Amino acid sequence: LHNVISRLEMIANYYLMITELSKIQLTQDDYGDKKKVKLSNRVAKTLQGIEKEMRKDLSRDKTRGECIDILDRLLDHEDDRVKINAGNFCLQEGVLTGKAWAALKSVADLSEDKTFRFSAAMVMQNHGGENPFPVI
């Protein structure tokens, strides 16, 4: 019973962990700051660990619904970095793909940060979308 409760607590914390970690990732103005770059690299590794745990929970009938609900909320988040991370994960796992695609397209088309636009476009391309930067 304790393992089930702690697993559910962890799932409940996915939203908070992913949103807070995503907000640490670099903006277009951060790339010159070595400390921010180093921290962002550590954040990326931590996010990969969280995604690994989420994959386990998506594969379990008891926890799949909760994970999909969290991903759905992440795709609606106001921060583009959160949407990019959630969208990429959803496309990798084949869940909420339509909503993920729409969130990524919105970031790619409308974000004020050029690195976010580029990141969203590259995620889309990696998942079968058109090359957002065609050769002229």
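**Note on the predicted model**

1. Confidence. The chain has a mean pLDDT of 91, with 91% of its residues at 70 or more; pLDDT is the predictor's confidence in each residue, from 0 to 100. This is a predicted model, in which local features need pLDDT of at least 70 and side-chain atom pairs count only at pLDDT 80 or more, while totals for chains, interfaces and linings use all residues. Residues are numbered from 1 along each chain as its sequence is written, and side-chain values use heavy atoms, with hydrogens and water left out. Helices (H or I, at least four residues) and strands (E, at least two) are DSSP runs, numbered from the N terminus. Where pLDDT is low, the predicted coordinates should not be read in detail.

2. The nonpolar core. The largest nonpolar core contains 31 residues, and those with the most contacts inside it are Tyr14, Ile18, Met54, Leu71, Leu74, Ile84 and Leu104. Two or more residues of this core come from each of α1 (2-22), α2 (34-58), α3 (61-75), α4 (80-93), α5 (97-110) and α6 (114-126). Helix α4 gives the largest share, 6 residues. Such a core is a set of buried Ala, Val, Leu, Ile, Met, Phe, Trp, Tyr and Cys residues joined through side-chain atoms within 4.5 Å. Buried means under 20% relative accessible area, exposed over 50%, and partly exposed in between (1.4 Å probe, protein chains only).

3. Ile84 and Met124. Not counting residues up to four places away in sequence, Ile84 touches Leu104, Val107, Phe116, Ser119, Ala120 and Val123; contact means heavy atoms within 4.5 Å. Met124 lies in helix α6. Is Met124 buried or exposed? Met124 counts as buried because its relative accessibility is 10%. With neighbours within four places in sequence left aside, Met124 is in contact with Trp101, Leu104, Lys105, Ala108 and Gly129.

4. The cavity. The whole structure holds 1 cavity of 30 Å³ or more. On a 1 Å grid over the protein atoms alone, a cavity is a set of points where a 1.4 Å probe fits but cannot get out, and a pocket is an open set with protein on both sides within 12 Å along at least five of seven lines; lining residues have an atom within 4 Å of a point. Grid points are joined across faces, edges and corners, and a volume is the space filled by probe spheres set on the points. The lining of the largest cavity includes Ile18, Met54, Leu71 and Leu74, which are also among the core residues with the most contacts.

5. The pocket. The largest pocket holds about 480 Å³ of space. Its lining has 18 residues, of which Gln25, Ala44, Ile84, Asn85 and Ser119 lie nearest the centre of the pocket. At least two lining residues come from each of α2, α4 and α6, and α2 supplies the largest share, 6 residues.

6. Two loop residues. Leu96 is found in the loop between α4 and α5 and has a positive phi of about 50°, although it is not a glycine. Most residues other than glycine have a negative phi. Lys23 is found in the loop between α1 and α2. With a relative accessible area of 34%, Lys23 is partly exposed. Beyond its neighbours within four places in sequence, Lys23 is in contact with His77, Asp79 and Arg81.
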